[in-house]
Structure formats: C-alpha cells, structure tokens
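Subject: Structure for you to look at

Hello,

Here is the structure I said I would pass on. Please open it next to this message and follow the notes below.

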Amino acid sequence: QVQLVESGGGLVQAGGSLRLSCAASGSIFGFNRMGWFRQAPGKQRELVASITNGGSTNYADSVKGRFTISRDNAKNTVYLQMNSLKAEDTAVYYCNIVLLGTFPSREYWGQGTQVTVSS
C-alpha cells in the first residue's frame, strides 16, 4: 500500500510561483512514475507533468517552459515548481504514482491541493 500527501498549494498572484510537494510512503520498489494532475471546475482531470524513477519527464504543452517536475528518490518525494503562473492554472492538483513493476500496474492518488491564481 502507498500513501501520497501533497502540500504547497495556495493563493498566488498571476506571474508568481508555487512549489508543490508530494511525499510517498509505503511499498515503492522497481519502476514507477510519479506525476501531477490537475482538475479545474467543469474540466477533465489532465496530466500536468510526470517523472519516472529514472528521471524521464513529460509535460503538458500548456505548462512547458513554466513548470518543472523533479523527484528525490531517496525521500520518495516529487516536486512541481510552478513559475509564471496564470489564472488558467487554477485547479486542484493531485499527486499520482503508478507502480509499473507489477501486473496489473498499481495506481495511487493523493488527496489534492488547491492552487488558485488571481488575475
């Protein structure tokens, strides 16, 4: 079992920055991918960024050049540095991990943290 706890959300002005953190605990072994998703009111949940334990990253086009995902494998923690925030970034951000070394794969979600960007 894996537990994910997000932190770092809040209210910021457009153009500002926030750093989200997600600490994972439990059985995390082998190949895995951690990521951040977000869901705004009336919209589908979408992938923001992801990173494997090997360091391979993926970003949504809307955040490329502004957001940076990173992780500390020793701490099982993933971070999302968000710069040049826009009002469109307002959403609940969810941490996610997919354990790919098992079949079927196992997926876990955090409780979410609110990010609000004022225009």
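**Overall make-up**

The protein has zero helices and eleven strands; helices (H or I, at least four residues) and strands (E, at least two) are DSSP runs, numbered from the N terminus. Read from the N terminus, the order of elements is β-β-β-β-β-β-β-β-β-β-β.

Two notes on the source. This is a predicted model, in which local features need pLDDT of at least 70 and side-chain atom pairs count only at pLDDT 80 or more, while totals for chains, interfaces and linings use all residues. Residues are numbered from 1 along each chain as its sequence is written, and side-chain values use heavy atoms, with hydrogens and water left out.

**Size and surface**

The C-alpha trace spans about 45 × 25 × 25 Å along its principal axes. The radius of gyration is 14 Å, which agrees with the value near 14 Å that a compact globule of 119 residues would have. That radius is taken over C-alpha atoms, and the globule rule is 2.2 Å times the number of residues to the power 0.38.

Of the 119 residues, 42% count as buried. Buried means under 20% relative accessible area, exposed over 50%, and partly exposed in between (1.4 Å probe, protein chains only). The accessible surface comes to about 6,200 Å², and 49% of this belongs to carbon and sulfur atoms. These areas come from the Shrake-Rupley method with a 1.4 Å probe; for residues, only the protein chains shown count as cover.

Contact means heavy atoms within 4.5 Å. Among the contacts with a separation of 6 or more, 53% are between residues 24 or more positions apart.

Strand β1 covers residues 2-7. Its covered face holds V2, L4 and E6, and its uncovered face holds Q3, V5 and S7. In a regular strand the side chains alternate between the two faces of the sheet.

What does β1 pair with? Its partner is strand β3 (residues 18-26), in the antiparallel sense, over six bridges. Two strands pair if DSSP finds at least two bridges between them. In this pair, S7 stands opposite S21 of β3.

R19 is also in β3. R19 has a relative accessible area of 45%, so it is partly exposed. Leaving aside neighbours within four places in sequence, R19 is in contact with S7, G8, Y79, L80 and Q81. R19 and T77 are 58 residues apart along the chain, and their C-alpha atoms are separated by 13 Å.

**Strand β4 and its two partners**

Why is strand β4 (residues 32-39) described as largely enclosed by the rest of the structure? The reason is that six of its eight residues are buried.

β4 pairs with β9 in the antiparallel sense over eight bridges, and M34 stands opposite I97 in β9. β4 is also joined by six bridges to strand β5 (residues 46-52), and these two run antiparallel. The bridge partner of W36 in β5 is A49. β4 and β5 form a hairpin with six residues between the strands, in which G42 takes a positive phi near 80°.

**The β9 and β10 hairpin**

β9 and β10 form a hairpin with six residues between them. They pair in the antiparallel sense over four bridges, and R106 in β10 is the bridge partner of L99.

F103 lies in the loop between β9 and β10. Is F103 buried or exposed? F103 counts as exposed, at 84% relative accessibility. The C-alpha atoms of F103 and T116, which are 13 residues apart along the chain, are separated by 37 Å.

The peptide bond from F103 to P104 is cis, with omega near -5°. P104 is in the loop between β9 (91-99) and β10 (106-109).

**Two other loop residues**

N76 sits in the loop between β7 (67-72) and β8 (77-82). N76 has a positive phi of about 50° although it is not a glycine, and at 22% relative accessibility it counts as partly exposed.

S84 is in the loop between β8 and β9. S84 is not a glycine either, yet has a positive phi of about 50°. With a relative accessible area of 41%, S84 is partly exposed.

Regards
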